[in-house]
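Have the structure open while you read.

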Amino acid sequence: MGAGNRPRRRRAGDADPARRAALDLLVGVREREAYANLLLPRMLRERGIGGRDAAFATELGYGTLRARGTYDAVLAACTDRALAGVDPEVLDVLRLGAHQLLGMRTPPHAAVSATVALCRAATGPRPTGFVNAVLRRVAAHDLDGWTACLAPAVEEDPVAYLAFRHAHPAWIVRAFADVLDGDWGQVEAALAADNSPAAVTLAARPGRCSREALLAAGAEPSRWSPYGAVLPGGDPGAVEAVRTGAAGVQDEGSQLVALALAAAPIHGADELWLDSCAGPGGKAALLAGLAAERGARLLAADVAPHRARLVGDTLEGVPAARVVAADATVPPWPAARFDRVLVDVPCSGLGALRRRPEARWRREPADIGRLFGLQTALLDRAIRAARPGGLIGYVTCSPHRTESAGVVHTARTGADADGIGTELVDAVALLPQVPDLAAGPFVQLWPHRHGTDAMFLALLLRTR
Ligand SMILES: C[S@@+](CC[C@H](N)C(=O)[O-])C[C@H]1O[C@@H](n2cnc3c(N)ncnc32)[C@H](O)[C@@H]1O
């Protein structure tokens, strides 16, 4: 390295680039509602932050966003001022300090002095005394200590305890407890899994790439999907098959639900498949390959033209697939025509919280009610698109009972009232390689049990 390229020696009081990036991430998420997982990688690239600094910025930024609710409760206990009255950027600095003290192994004196330096660089010297004093109080306990001080005992109020200890809004803890039948050990494991980053999983697209090619590029076989491979580290864009589109980045749960839909036996023709909510096209790519292997064709649709274009890019050069931009609630395709239909509805994303650090604090219970009507309409039209004897796969990346079994029940009842009958197919039996699935007919995957997103799958056979 030439002398000109040598990193500038930091003066005491400078903010280091990793902490600065983490602060700018928090500000972007708060002020512009940015998605952290899009903003941070771009910022790190533009600023030339790599290696250990990038890893530190990611752990600091994402960890702080995930645990925001818990850190705010701790910070509120450490100051006489209401947090609403604290300058928002200073509050972001305090949250970063809290995460270093309570969620990372940063030694307390380094966490406090580096955060005070960050505050000085970002906002000027005035609030540094306040930040210093608050963080010294935060440092008085570790997270277990603060949990003992501020949360009720687990036996007394498990929802409030777990919400604090694992940094989730109470309504999400309740929703998980509802689906996990009040098994608090399971609920705790599910919440804890949301705080661990997901591995990068790839899918080899049938007919375009073999899993062996991904293994040869350094990936390891995933556990349940014969097309899946886990990248131990590094950039998936560096894998040739991903660059060419022969493979894609896709959670193993997403692969499994598409595979179950394709594997279920049906009577009669198996020639025309529909993916009515296809953008950006991960499941469509898998389905198109499987359809082609048995001489079938896939129509893939998305209401958003730019999402439909992404599906088009993903399926480019796949002769078995056609893509349209269309609203699947008022479909342009004929009714009672398709042999297999996938409807992978827009949802709250409560099953993928580990991937979106800020999402749990952005979502609210009213979102579930708002989405329910659209999800039910989409499943209703999917049922009508299937021919009698055809199969419908209802998929959502949320374990919330309203978005999963609730939608299935309501859409089936509505279709039945119009003389369109459906039968539930045991989807669990179609994934015999996956352990720990509860009794069917629905499949509910979980990060803490399966290492996948919490995908839900219902399979319906149209009977008339
Ligand atoms: C969960 S995503 C689908 C993910 C996709 N199946 C994949 O595996 O890549 C839901 C998609 O539904 C689309 N969508 C929402 N409302 C729709 C509608 N009325 N008709 C068709 N697509 C819709 C959204 O634009 C979004 O791309």
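Buried, in what follows, means a relative accessible area under 20%, while exposed means over 50% and partly exposed is in between. By that cut-off Cys209 counts as buried, because its relative accessibility is 15%. Keep in mind that this is a predicted model.

**Cysteines**

How many disulfides does the count come to? The answer is 0. Take Cys149, which is in no disulfide: the nearest cysteine sulfur belongs to Cys78 and is 9.2 Å away. Cys149 itself is partly exposed, with a relative accessibility of 47%.

**Salt bridges**

Charged pairs are another matter, with 25 salt bridges in the structure. Here are three of them.

| Pair | N to O distance | Where the residues sit |
|---|---|---|
| Glu240 and Arg243 | 2.7 Å | both in helix 13 (residues 240-244) |
| Asp416 and Arg464 | 2.9 Å | Asp416 in helix 19 (residues 402-417), Arg464 in the segment after strand 12 (456-462) |

Glu240 and Arg243 make a local pair, 3 residues apart, or about one turn of the helix. Arg243 counts as exposed because its relative accessible area is 53%.

Asp416 and Arg464 again link distant parts of the chain, this time 48 residues apart. Here Asp416 is partly exposed at 41%, and Arg464 is partly exposed at 44%. Elsewhere, salt bridges that share partners tie Arg30, Glu31, Asp72, Asp92 and Arg95 into one network.

**The ligand site**

Which residues come nearest to the ligand? Of the 19 around it, they are Asp302, Arg307, Asp327, Ala328 and Asp344. An N or O atom in the side chain of Arg307 is 2.8 Å from an oxygen atom of the ligand, and an N or O atom in the side chain of Asp327 is 2.8 Å from a ligand nitrogen. Cys277 takes part through its backbone, with a polar atom 3.2 Å from a nitrogen of the ligand. The protein covers 84% of the 610 Å² of accessible area that the ligand has on its own. Sorted by class, the shell has 9 nonpolar, 5 polar and 5 charged residues.

Two cis peptide bonds are worth a look. One joins Gly279 and Pro280, with omega about 0°, and Pro280 lies in the loop between strand 5 (272-275) and helix 15 (282-293). Another joins Gly440 and Pro441, with omega about 5°; Pro441 is in the loop between strand 10 (422-425) and strand 11 (443-444).

Then there are a couple of alanines with positive phi. Ala167 has a phi near 55° and belongs to the loop between helix 9 (158-165) and helix 10 (170-179). Its relative accessible area is 4%, so Ala167 is buried. Ala336 has a phi of about 55° although it is not a glycine, and its place is the loop between strand 7 (321-325) and strand 8 (338-344). Ala336 is partly exposed, at 35% relative accessibility.

How values were computed
Residues numbered from 1 in each chain as written. Predicted model: local features only at pLDDT ≥ 70, side-chain atom pairs only at ≥ 80, totals over all residues. Heavy atoms only, no water. Near = heavy atom within 4 Å. Polar contact = N/O pair within 3.5 Å; in protein donor to acceptor, adjacent residues only side chain to side chain. Areas by Shrake-Rupley, 256 points an atom, 1.4 Å probe, with all protein chains shown as cover. Nonpolar A, V, L, I, M, F, W, Y, C, P; charged D, E, K, R; others polar. Disulfide = S-S within 2.5 Å. Buried < 20%, exposed > 50% of the residue type's maximum accessible area, 1.4 Å probe, protein only. Salt bridge = Lys/Arg side-chain N within 4 Å of Asp/Glu carboxyl O. Helix = DSSP H or I, 4+ residues; strand = E, 2+ residues; numbered from the N terminus.
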